[in-house]
Amino acid sequence: MKTYALYNPYSGNNTGETKAKELANFYEGKELVFVDMTKLEDYAAWTAEMTAEDEIIVCGGDGTLNVFANAVKGLKIEQNLLYYACGSGNDFLRDIGDNEGKLVRINGYLQDLPTVTVKGKEYAFINGVGYGIDGYCCEVGDKLRAEKPGQQIDYTGIAIKGLLFHYKPVDATVTVDGKDYYFKKVWLAPTMNGRFYGGGMNPAPNQRREDGQLSVMIFHGSGKLKTLMMFPSIFKGEHVKYTNNVTVLEGKEITVKYEYPRPLQIDGETILGVTSYTARK
């Protein structure tokens, strides 16, 4: 029996490899093979060489888990799948109620994942699809990280500056299971599989990944200052009390179409210039 620790060296602000090797504390005296997932091209061939008794540990954050889920999509994984959270956000772990610093079995969580279609390409997602100022924050964070690798990114600060100066809301049409809804001045329109994304934001506090449906939260109709005042409440899920500006809809198929292109993020991975997306459970 072998245990393969699949890590992303760029997760956790470029600490992925160092944190993954902390797993040696759990596997003293046992064979532990570390694999850099950024250099792994053929997951089907890789898993085909394993026995059913082997284990795979995915080490990283939500983005790493997303990359793995998409890489093995359609494959029959017989091995025990474990997750070791060592990213910067760890929203999946937060949602399922587990603690950092332990191994979590995730075979069941990676089955029947929702998908999102963006620019003609389909992706599975773990936590949520962010569209609006959340995508903008990921875009700015990516640029800052490229300029200075390893630096800590203050997404809250980026969001505040975006709200006040840089980001402009747009009108949107949201279609849920065939029914259209129209919203003006949309700041956020994420579709969620879990409750959390963005390092602890809770846009859909009643969403449960085991319920067989998705939730889309539309933050709309408010000016900059009012939005800035309401925005912090999203971290506790209390923003839903602002019913004039926050709408939550539930369904199995959700399409969000913006009037103008805006950045989108899928479990923290950014796609630029998006006019619409369709999520399905």
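User: Is Lys 161 buried or exposed, and how do I read that?

Analyst: This is a predicted model, so the values are computed from predicted atoms. The general idea is a cut-off: buried means under 20% relative accessible area, and exposed means over 50%. Lys 161 has a relative accessible area of 53%, so it is exposed. Lys 161 lies in helix H7.

User: How far apart are the C-alpha atoms of Lys 161 and Glu 253?

Analyst: Their C-alpha atoms are separated by 33 Å. Along the chain, the two residues are 92 residues apart.

User: Now take Thr 3. Why does Thr 3 count as buried?

Analyst: Apply the cut-off again: buried is under 20%. Thr 3 has 3% relative accessibility, so it counts as buried. Thr 3 sits in strand S1.

User: Which residues does Thr 3 touch, leaving out those up to four places away in sequence?

Analyst: Thr 3 touches Tyr 27, Glu 31, Leu 32, Val 33, Glu 55 and Ile 57.

User: Where does strand S1 pair with strand S3, and how do the two run?

Analyst: S1 covers residues 3-7 and S3 covers residues 55-60. They run parallel, joined by five bridges. At one point, Tyr 7 stands opposite Cys 59 in S3.

User: What is the strand order of the whole sheet?

Analyst: Read it across: S2-S1-S3-S4-S5. These five strands form an open sheet with mixed pairing. At the edges are strand S2 (32-36) and strand S5 (103-105), each pairing on one side only. On average, neighbouring strands are turned by 30° against each other, direction ignored.

User: Which strands does H4 lie across?

Analyst: H4 lies across S1, S3 and strand S4 (80-85). Against S3, H4 runs at about 140°.

User: How many residues of H4 are buried?

Analyst: Seven of its ten residues are buried, so H4 is mostly covered. The buried ones are Asp 62, Gly 63, Thr 64, Leu 65, Asn 66, Phe 68 and Ala 69.

User: How do the lining residues of the largest pocket divide by type?

Analyst: There are 14 nonpolar, 21 polar and eight charged residues.

User: What space lies in the second largest pocket, and what lines it?

Analyst: The second largest pocket holds about 300 Å³ of space. Its lining has 15 residues. Nearest its centre lie Val 72, Leu 75, Leu 110, Gln 111 and Asp 112. By type, the lining divides into eight nonpolar, four polar and three charged residues.

User: One last residue. Where is Thr 247 placed?

Analyst: Thr 247 is in strand S13, residues 246-251. Leaving out residues up to four places away in sequence, Thr 247 touches Phe 183, Val 216, Met 217, Ile 218 and His 220. The C-alpha atoms of Thr 247 and Asn 90 are separated by 26 Å. Along the chain, those two residues are 157 residues apart.

Conventions. Residues numbered from 1 in each chain as written. Predicted model: local features only at pLDDT ≥ 70, side-chain atom pairs only at ≥ 80, totals over all residues. Heavy atoms only, no water. Nonpolar A, V, L, I, M, F, W, Y, C, P; charged D, E, K, R; others polar. 1 Å grid on protein atoms, 1.4 Å probe; cavity = no way out; pocket = protein on both sides within 12 Å on 5 of 7 lines; lining within 4 Å. Points joined across faces, edges and corners; volume = space filled by probe spheres on them. Buried < 20%, exposed > 50% of the residue type's maximum accessible area, 1.4 Å probe, protein only. Helix = DSSP H or I, 4+ residues; strand = E, 2+ residues; numbered from the N terminus. Pairing = 2+ DSSP bridges. Axes fitted to C-alpha atoms, helices over the stretch in contact; angles between N-to-C directions. Contact = heavy atoms within 4.5 Å.
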